[in-house]
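Dear colleague,

Please find below the structure that I am handing over to you. A summary of the findings follows it.

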Amino acid sequence: LNTIMESQDKNRILYDLSVPHEWPETTITQLAEEKLSLWKQLSSLARACFRYSVDQLKQTWRGASALPAALVALVGGLLPWKLALSSDGKYLAILREELVEIRSHVDNFEDVEYEFEVTKEPRAQWRKIVWNEEGTLLAISDSCGGVLVATPTGVCVAMIEGRCSLHSVERGGPQSCAVCGMAFTSAPSTASGDSVRQHSLPLLTVLMYNGTLDIYQLGQSKSHVHLHSTSLLDYHPRGVGCMLYHSGLKLLLVGACPDMSNADETGSVSGWRLVDTAPYWVPMLGRQDKLKPKSLLSGVIPCRTADSDVRAHCMIQMSLSPGGSLLAAVDLSGQLSMWDVPSLKLRKVWGLQDQCQWRGEGEELPSFGTPKKRKKRGPPLLVDVKWWSDECLILVNTAGEVTVANVNNLENMLGSTPERGHAITAAHNGQFFMLECDTSVFSYSRLSSLTGEPLAGEEEEGG
């Protein structure tokens, strides 16, 4: 793999696009809808009305319960396959419909080294997969909020049950119990004499879209201990959208909807530090005044139209720079923002009008649910962001366009046209992976590897 060369004028990236693996075409099957009797139809309607009423009451008193419709539509149209690259770049995990593939750098990720089965999901787009820092454990969440912790060889370490039933999800139940972020963390250095100290395996922190933050202590022989559960809606009443862990600073970063005071900017980001007693995660020092628990009336006073505008800027993706001093984030409206870490001061925001240098105009939005869901929409929006280097971002939009953009002006460093891809990893040693899928009556998937190095004064491109 080529490494990035130091240069003062990094205006282009000379790169190679290789294809380590391509999966064969598979027929997309659509399940026939079950014919229900009149009694079952009426019962289903009554349950739906009851759930809607409960969600509205919760939204009134807690500020956010049901997910924004735009978020449900966006996630529902994303690729159901997921990619995760270990922090050392040695292993690549590919979460498919019913199994997980583990590929190794030894053979340039061409062959499957390990694979193990997972439960097939009715809403696979809502799953998450993350590695621990050492690359020895994987956490895989399902659409019900359950989490499987396993080794790369497929040995189950822990099985955490979800808050929703699979039957409820299959019947169109709420997606708010799905996981929006997970992180492996080590026990705090001040821990002593309790269950945190008695285990050698790490802690697992799980955040769901409904704002519930759970902390688990992993143990031996498929065991785990639920240490604590709290709701971040007390601090982010408009809702949460993503989470990541800064291992260098031992800081948990939560992306949420903005408060009414900064609804015209972008989503908010809060920082949380790990302590040795419940609630284990506490607001970062110096920011407690900005993260005071909201009263029950905080969700009643604002009008609903204003609340909808605020939640349109909810954070959906975040990524830390290689140096750990910058945080890039994408919100539901497609805006890109940059934050300083650990101060969490907003540095810059790029609106849709600032992204016109590389994004397409009105292309078809790929949909990976069923072919009949494809539709024409407006200009594509950003859906993911990763880092190529401390000076460049890897961006993906809803049209399946991937670009490496300069953080100063979002100029496409790959040339005049973006590459094609729908799921990406962060770059490691000048290389990142992207998964390209095409759906029609048949579907094929291709794993691509983009390797390159910035060159000073070069105008040549490779692809």
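Phe109 is buried, as is Phe433; buried here means under 20% relative accessible area, with exposed over 50% and partly exposed in between (1.4 Å probe, protein chains only). Please note that this is a predicted model, in which local features need pLDDT of at least 70 and side-chain atom pairs count only at pLDDT 80 or more, while totals for chains, interfaces and linings use all residues. Residues are numbered from 1 along each chain as its sequence is written, and side-chain values use heavy atoms, with hydrogens and water left out.

Aromatic pairs

Rings of Phe, Tyr and Trp (its six-membered ring) are paired if their centres lie within 6.5 Å; planes under 30 degrees apart count as stacked, over 60 as edge-to-face and the rest as tilted. By this rule there are seven aromatic pairs. Phe109 and Phe433 form an edge-to-face pair, because their ring centres are 4.7 Å apart and their planes stand at 70°. This pair links distant parts of the chain, 324 residues apart: Phe109 is in the loop between strand E4 (99-104) and strand E5 (112-117), and Phe433 is in strand E27 (residues 431-439). Helices (H or I, at least four residues) and strands (E, at least two) are DSSP runs, numbered from the N terminus.

The pair of Tyr235 and Trp272 is also edge-to-face, because the centres are 5.1 Å apart and the planes are at 85°. Tyr235 lies in the loop between strand E13 (224-231) and strand E14 (240-246) and Trp272 in strand E16 (residues 268-274), so the pair ties together parts 37 residues apart in sequence. Tyr235 is buried at a relative accessible area of 19%, and Trp272 is buried at 2%.

Cores and helix H2

A nonpolar core is a set of buried Ala, Val, Leu, Ile, Met, Phe, Trp, Tyr and Cys residues joined through side-chain atoms within 4.5 Å. The largest has 57 residues, of which Leu336, Leu393, Val404 and Phe432 touch the most other members. A second, separate core of 15 residues includes Leu137, Ile160, Leu204 and Tyr216.

In helix H2 (residues 69-76), Leu71, Leu74 and Val75 are buried. The buried residues of H2 fall within an arc of 90° seen down its axis, so they line one face of the helix; the arc is that of the directions from the helix axis to the C-beta atoms. These buried residues pack against strand E18 (315-320) and strand E22 (382-389), where contact means heavy atoms within 4.5 Å.

Yours sincerely
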